[in-house]
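I opened this entry to keep a record of what I looked up in the structure, and in what order. The notes follow below.

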Amino acid sequence: MEKMARVTTALGGNALTGRTMFCHLDAPANAISVCRDAAQVVVAGRNIFKIYSIEEEQFVEKLNLRVGRKPSLNFSCADVVWHQMDENLLATAATNGVVVTWNLGKPSRNKQDQLFTEHKRTVNKVCFHPTEVYMLLSGSQDGYMKCFDLRKKDSVSTFSGQSESVRDVQFSIRDYFTFAATFENGNVQLWDIRRPDRYERMFTAHNGPVFCCDWHPEDRGWLATGGRDKMVKVWDMNTTRAKEIYCVQTIASVARVKWRPECKHHIATCSMMVDHNIYVWDVRRPFIPSAMFEEHKDVTTGIVWRHLHDPYFLLSGSKDSTLYQHIFKDASQPIDRANPEGLCYSLYGDLAFAAKESLISSDSNRKPYIGDRRHPIFFKRKLDPTEQFEYISSSSALSVFETDVESGSMDWFVHTAKQYALAGRPLAELCDHNAKVAKGLDRNQVAQTWTMLRIIYSSLGTVSSTNLNHSMGKGSTALPLMNSFNLKDIPAGLGSESRLDRSKGESRTENILMDSSSTLINNEDNEETEGSDVPADYLLGDVEADEDDLYMMDHENPHAEEQEYSLPQEAFPLRHEIVDNPSALDHLQDKADSPHVSGNEAETVSLTPVESFSLISISHSLYENRLPSDFFNPIVRDTLLFYAEQGDVQMAVSVLIVLGERIRKEIDEQTQEHWYTSYIDLLQRFQLWNISNEVIKLSTCRAINCLNQASTTLHVNCSNCKRPMSNRGWICDRCRQCASMCAVCHHVVKGLFVWCQGCSHGGHLQHIMKWLETSSHCPAGCGHLCEYT
Amino acid sequence: MHTLFAESFATLGRLDNVTLVMVFHPQYLESFLKTQHYLLQMDGPLPLHYRHYIGIMAAARHQCSYLVNLHVNDFLHVGGDPKWLNGLENAPQKLQNLGELNKMLAHRPWLITKEHIEQLLKTEENSWSLAELIHAVVLLTHYHSLASFTFGCGISPEIDCEGGHTFRPPSVSNYCICDITNGYHGVDEIHASPAGSIPSTESVCEVEALMEKMKQLQECRDEEEASQEEMATRFEREKRESMFVCSSEDEESAATRDVSRHFEDTSYGYKDFSRHGMHVPTFRVQDYSWEDHGYSLVNRLYPDVGQLLDEKFHIAYNLTYNTMAMHKDVDTSMLRRAIWNYIHCMFGIRYDDYDYGEINQLLDRSFKVYIKTVVCTPEKTTKRMYDSFWRQFEHSEKVHVNLLLVEARMQAELLYALRAITRYMT
């Protein structure tokens, strides 16, 4: 109610009251306009031309101006305007190019007053002079603007824009003689009504048609324009050159703009296509509308503030055949729904956090962060003392949290990315190579995985059994760490992890049973290889355990306190049960029915202390049983999923590429694509362009593959005239010279050409390298300090 | 012109006959090539081979073997599956779904409703995304209208394509293309026997009469003011009459085997709407225009293409040398507008601010027959039709007319398709 009181004073006793309401029109509206007293509104469209009175609770149809049995095209209105001086006077712009005036004071049913048929094309806009009763201005598709004196039958003067169709004309509110016209080619012209021969000034406001403009009701120099390029711009016309002072980027082409009365910086807009909402912007805050009306279900075609001095009531007409009165109180304010906090991780694990200042300061008082170095940076907007709306005021703070240099280091990632071999060699070699790389970086688990992969896939099918033995032997030499049968040695070396062993032991019990039984099957069936197999099994089994321990190390959160080690403990058994067991177990239990196996149960027990044969031993033994190679696919798949889940998408993608067809079908396309995009994104953030391109090339996903097919154009400047080379080929259009001359040897460069992006000079790669070793200036003698990196 | 050729050669890998004919109007050609290059090669929602396949589908609707052959090559070149070329039923379901839209766009765009769009976009395995659909629609309309151009100008097959091994130069009727390349650039060299016939006095009169009429219309426009009803009926009459403008010549143009396999339903052709019995409401351009609505939609979903198309329409619509046959300094805007609006009128698109009486005054029957044939059933165009309209106009001017036809048709199809998409979106 307090608001109401304020409204009353503003209007000098004529308080506007009402609520958000609407009424159905019979047809889509093209434009609306209000009467001076804010009590009536006229709606015009192709098939509608009616006056409604605005009551407290509803719209009431007062008058239908569309009379006659067969309405002519003169009634098909593109625009309508109600005179602000004379409440009986209306003007419409018809789509067939006729300008019609209407006199409501006429006693007959047909209120049509005068017809001006001077325009040859559709009239887009009509506009009355704000203070002069008889002066009417029109702008048409034919590129002309005409000024009519309503007392005469013909136009008084014609203004030719000399460019294209006129989209909007608006008399300046303060300047008696001036009007602005906007054009389809993006220009805005200012005219003096007394000088029809030439415009006063012209400037290009938008890219593409300028659909609308509106003079600021208070500031005489401000003109707002809206265009098809989705922008609303505010121009200061006081200076000799129109200066853009504000720019609001909307999401669709702007059909109408209207300054909000009594609010210096507020402007209402609606769009021409796709977007149906009406926005009210604070032009100083162009990124988020300060209010939004979402009632319409089709594009809004006309907006008008109900009263010249009342900022709370907005009327709108729409293609969805409704007429709305919006109350500011009911507007949705996107700012309330917007997330006032922003959060972003940097490449090296630093974290930036921006939020309202109040939020941060209170928060940090309550609970200081330990162990992080904070660098709070505060940004504060200068508050405008004249600001009427409190929610506008804002200040925010940006804090940056740095992670530990040690733990945050991503060197391993870069090194791995650089050194991994992904293709071009036999699978076994690739796996070996990658295992070695991982090992070199102390990532034993990863190394182990590679080794396992090699054994699973390269030993199967393609490799003969002798080869297999050989490779097994090689495996043991390649992994010197595995010289112990005793699991306990390794955790000891790694320290502080002993607790994990326990949990592992528990989770392993099932494993052991199964593993050893399978080993024994192997022994049964394949006695001639036994000698070499069993040690290998032990060996690899050990390393498997070792790797598990390492995994704990690798992925432990460096910030976490000691107690938090309990978390991985939960994760660990999970992995073993889910990842390794189920599929293998099923198969093995089938086998368990065979007498051989049961006969070997005893030995199983004896083997137990030695611990864990797990994956590799299974793989080997099962190979000997002639199991198809894809038998392991589920396990490998789960491994990859596990790695990806752990955040090591590099591993997942690398394995995916190396294994190629063998595993591709196991993992659904979307997941693969997701991995690829994540990995490529990471690589590019580390500026490993070549590697990311290699990954793109090797990927089998369609969506990824075409990534490097896009934007393959390279724009070149001529080194002589420094203009862009429009022509394809090596001769510059302008200076008729070969553009790609080597600045050192003055020959045309064919092949590798390196050039400075600063001065466009360059030449043979070798020559330039040599030159810049001795000199820092450009070899062409242009004086530019070139840099070769 | 040489740069244009070079550019076109660099992008297409060939200098095709369409380019050679269009180079009569280099300004337009540049925009045309830019657009086509963007549609086919640059970043876009559809994979490359889809784009060519859609081009083939569109051209095949009009049995335009020239374009089909050209794009079959390109399609295979970008790694398309040759099996698809055995017919639409061998292509992925997704492309098959597009077949219906292709048919309607080509022959009866006014029947496209938002339900058709919904059908394509509804979520299932083979559905289209909005961006893809826009791309496809632009490609379809581009190739429909390019097919019109090909037949309208009688473009002969490329030398490396089937049927291209003739010594008939790639030509506009019998105009020899060598002349252009040999240095008689531009437009003014063509006094050298247009169509090989000495202009008869009768045909000279034709031009005079046409110009006289234009002048009259210009002058008396203000005086004679037709009533509104009259204006409305004029449009309806013109629309109706355009139905009966039919080519008397019914020669079947040779559709190669290659082409027909893309048809599912050859019986589906251009059907005149009122004759078809059902009433189709007139499309009013003031309610949905390219500049205001179409552009925004296209540019939103397929960035930059809206801009390119806008430029192309603009150049085509405003292109003029202020010449008419042997006359210089003529304002042809009225004539161009009449042609443009006549084509839109055939598609039921009405401009409120246009007096359709003008069309009858400016376009004579043989010209209307030509326009109608080229736009609606391009495969039926014959050289006789090309020769028989505007007999003593230059070839370049006839090509100019064809450009107008091409662009007006493309815009008409686009407007219907985009309107349906807009309706779907709201």
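This is a predicted model: local features need pLDDT of at least 70, side-chain atom pairs count only at pLDDT 80 or more; totals for chains, interfaces and linings use all residues.

**Chain A**

I began with chain A, where I found 22 helices and 34 strands. Of its 789 residues, 50% are buried, and among its contacts with a separation of 6 or more, 52% join residues 24 or more positions apart.

I then looked up A:K750, which sits in the loop between α21 (702-705) and β33 (753-755) of chain A. Is A:K750 buried or exposed? I recorded A:K750 as exposed because its relative accessibility is 74%, and the cut-off for that class is over 50%. From A:K750 to A:S740, ten residues apart in sequence, I noted a C-alpha to C-alpha distance of 8.3 Å.

**Interface of chain B and chain A**

Next I turned to the contact between the chains, to which chain A gives 35 residues and chain B gives 31 residues. Together the two chains bury about 2900 Å², with 48% of that area on carbon and sulfur atoms.

How many salt bridges does the rule find across this interface? I noted five salt bridges between chain B and chain A; A:R167 and B:D292 form a salt bridge through their side chains, at 2.6 Å from N to O. For polar contact across the interface, I noted eleven residue pairs, with both residues at pLDDT 80 or more.

On the side of chain B that touches chain A, the elements giving two or more residues are α1 (2-12), α11 (228-244), α13 (290-301), α14 (305-318) and α19 (395-425) of chain B. Of these, α13(B) gives the most, with seven residues. Sorted by class, that side of chain B holds 14 charged, ten polar and seven nonpolar residues.

**Nonpolar cores**

Last, I looked at the cores. The largest nonpolar core has 147 residues, and within it B:L98, B:F149, B:I339 and B:I371 touch the most other members. The largest share of this core comes from α19(B), with 16 residues.

Terms used
Residues are numbered from 1 along each chain as its sequence is written. Chains are lettered from A and ligands numbered from 1 in the order in which they are written. Side-chain values use heavy atoms; hydrogens and water are left out. Contact means heavy atoms within 4.5 Å. Buried area is the accessible area (1.4 Å probe) that two parts lose on being put together, summed over both. A salt bridge is a side-chain nitrogen of Lys or Arg within 4 Å of a carboxyl oxygen of Asp or Glu. A polar contact is a pair of N or O atoms within 3.5 Å; within protein, one must be able to donate a hydrogen and the other to accept it, and residues adjacent in sequence count only if both atoms are side-chain atoms. Helices (H or I, at least four residues) and strands (E, at least two) are DSSP runs, numbered from the N terminus. Ala, Val, Leu, Ile, Met, Phe, Trp, Tyr, Cys and Pro count as nonpolar, Asp, Glu, Lys and Arg as charged, and the others, Gly among them, as polar. A nonpolar core is a set of buried Ala, Val, Leu, Ile, Met, Phe, Trp, Tyr and Cys residues joined through side-chain atoms within 4.5 Å. Buried means under 20% relative accessible area, exposed over 50%, partly exposed in between (1.4 Å probe, protein chains only).
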